[in-house]
Amino acid sequence: MDRCKHVGRLRLAQDHSILNPQKWRCVDCLTTESVWACLKCSHVACGRYMEEHALRHFQESRHPLAMAVRELDVFCYACGDYVLNDNAEGDLKLLRGALSTVRGPGGCGDPARPGRRSLRSLALGDGPSGASNDPGGPRPALQTALRHRRQVLLGKALRAWFGRSSYGRHRLEQQRQQQEQEQRKEELRRRRREVKRRLLEELASSPPRKSARLLTQAPRTAAIIPRKFRDPPERTPPPSLLGLSRRSLGDGNTAKLRRYYSSYPRRKLAPGVTGLRNLGNTCYMNSILQVLSHLHIFRECFLQLDLNQALELLASAVNGNSRPPLCKLVMAHGKAGQPSFPLSKRGMSAGLSGGASRTRNMELIQPKEPSSNHISLCHELHTLFQVMWSGKWALVSPFAMLNSVWQLIPAFRGYAQQDAQEFLCELLDKVQRELETTGTLQPAQVPAPQRKLIKKVLNVVNTIFHGQLLSQVTCLACDNKSNTIEPFWDLSLEFPERYHCNGKETAAQFPCLLTEMLAKFTETEALEGNIYACDQCNSKRRRFSSKPIILTEAQKQLMIHKLPQVLRLHLKRFRWSGRNHREKIGVHVSFDQILNMEPYCCRDSTGSLKPDCFVYELSAVVMHHGKGFGSGHYTAYCYNTEGGFWVHCNDSKLNICTVDEVCKTQAYILFYTQRVSQDKGKSL
């Protein structure tokens, strides 16, 4: 391994066994092959390819480090790997040099081969001329070739003997069956990938089908849904209309039935209870859009944003296009308008007003082309939020939003699996840049009310997730503290070391606490070695002095200097293990609906705040289903502020749930909203 924490200061006596070649034999079996010397005591034993007496010595004495007396390799039994690093004093390097000197030219230090150097020494040419001192002995290259040839012949003989034995034939048969089974599985996987590729091609070339599992057919709990959003009771026609047959339906009877069913109270959807269709591995986008739409501050500022003139002027300024706008989006004083854009022809009327038509279809299919003259994420968020919170649609196919994401964020182009945390960061960054670009237009191009509204929305986007961290470095020599304030938009919390094991017992019996992860994030960390240049310790030193800079030991701590309105906690469930492989930490994280952030804040900067400013309430949770980084599925649990209930957003399927069910999920991203703003002291 690159760094072993068990390598410390070596304290070897002058009569240590490793410095005496006559003692280079195992004290238990007296063999001279694969001899390892303990670096803690004077014990010498054979390695794992002999009788494993060195391993038995580690199990009895717990001395982890051992060195091969001939190959000069160091192995750590506690870590189970070879050691590549050295301590600060370079003791391992000095010990290897001493052993090379003890062996000396001519191999006098090797008791097993008197008068001849070891194979490693001959191969490396440790002597003055790099050749053997024995004129009659074989050359180093020939000696190495003979040794390798003997190993190859011995291996062939052992394999032939193993293949003729009954146990060997049984093992070979098992290996052959496993290979055939793996080939069959690979063939099945290849066929599934081919079928999936053909289906995706057909889906891209044909319009999507209407889902048969809409929110209207999903089971609901009447105790959770508010009364104003419950379904009306079933109503049966009067007996005079029930006995009518098809032949007896004349113009008068048909008019009676039409008037009867037109007077029947229609079902009213709760605002925000609108599913998003999965357009091909787009669950990461759907879950993030559901969370952003359920954040009250973020949603309201985009619903009030007028994108009619400002964004069209931006498109003409950037693209040099002076075409008149094709569609009008008017939002005045927070009242939702009804934008009109072409829809898929499935019996739907044009525009959002089609949801209140006589047939009342519950699915809205956006066009694949953007609904404006230019591609704008702000425009698509405005339109999508307006649709989702109109209370008229149970399902939306966000083709226009997906097309805008593909055009403006090329990293998410295609139907590959993506990370929801990375998509959220990229989406907010693009939205912020787009608003900043729109705000830089000349005052004559953008009216004053629109410019003021754009500035307000940009301020909300910049400050809703924005917080500040205090990085404090303390010098251990003079106790001087150096403070640095850094901005943050989310907190990436790491799991403690004991949770990095993905065993089922660890995941089931030992859940991790969110407060423990926050405490680990803000704990004091000791910096290794004398690497910190303290300003106070070097204050008496002149600026152009020839004296070296004084380096001291220090410790570092991160604390929260300013709390954001919406706190994003990213749980780092995916970690690198091996080469180019990321595995998931499947440990359940226990979190509560109320979170107090006062223990993790800097007391000097937040001492004047009210106690309610530290209290956060759970607003949304993004959950990752699956075992790996490149696979799985994303869903979101969001709190509907209009109806006062929790909803589980699983693409096109939405289910009402309780807060206890939310707290039992395997969270990936947590969203907490501040109960009282620290800037204005008002409830959010």
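**Strand E24 and the cores**

Colleague: Which residue in E24 does Leu567 stand opposite?

Modeller: Leu567 stands opposite Tyr672 in E24. Keep in mind that this is a predicted model.

Colleague: Which strand of residues 566-571 pairs with E24, and in what sense?

Modeller: That is E15, and the pairing is antiparallel. There are five bridges between E15 and E24.

Colleague: And E20, how many bridges does that one make with E24?

Modeller: Seven, again in the antiparallel sense. E20 covers residues 615-625. Ala620 has Phe671 in E24 as its bridge partner.

Colleague: How many residues of E24 are buried?

Modeller: Eight of its eight, over residues 667-674.

Colleague: Where do side chains point in a regular strand?

Modeller: They alternate between the two faces of the sheet.

Colleague: OK, cores. Which residues have the most contacts inside the largest nonpolar one?

Modeller: Leu292, Phe298, Phe302, Leu435 and Phe671. That core has 66 residues.

Colleague: New topic, helix H16. Which residues are buried there?

Modeller: Leu514, Met517, Leu518 and Phe521, in a helix that runs over residues 514-521.

Colleague: Why are they on the same side of H16?

Modeller: Because they cover an arc of only 100° around the axis.

Definitions and conventions. Residues are numbered from 1 along each chain as its sequence is written. This is a predicted model: local features need pLDDT of at least 70, side-chain atom pairs count only at pLDDT 80 or more; totals for chains, interfaces and linings use all residues. Side-chain values use heavy atoms; hydrogens and water are left out. Buried means under 20% relative accessible area, exposed over 50%, partly exposed in between (1.4 Å probe, protein chains only). Helices (H or I, at least four residues) and strands (E, at least two) are DSSP runs, numbered from the N terminus. Two strands pair if DSSP finds at least two bridges between them. The arc is that of the directions from the helix axis to the C-beta atoms. A nonpolar core is a set of buried Ala, Val, Leu, Ile, Met, Phe, Trp, Tyr and Cys residues joined through side-chain atoms within 4.5 Å.
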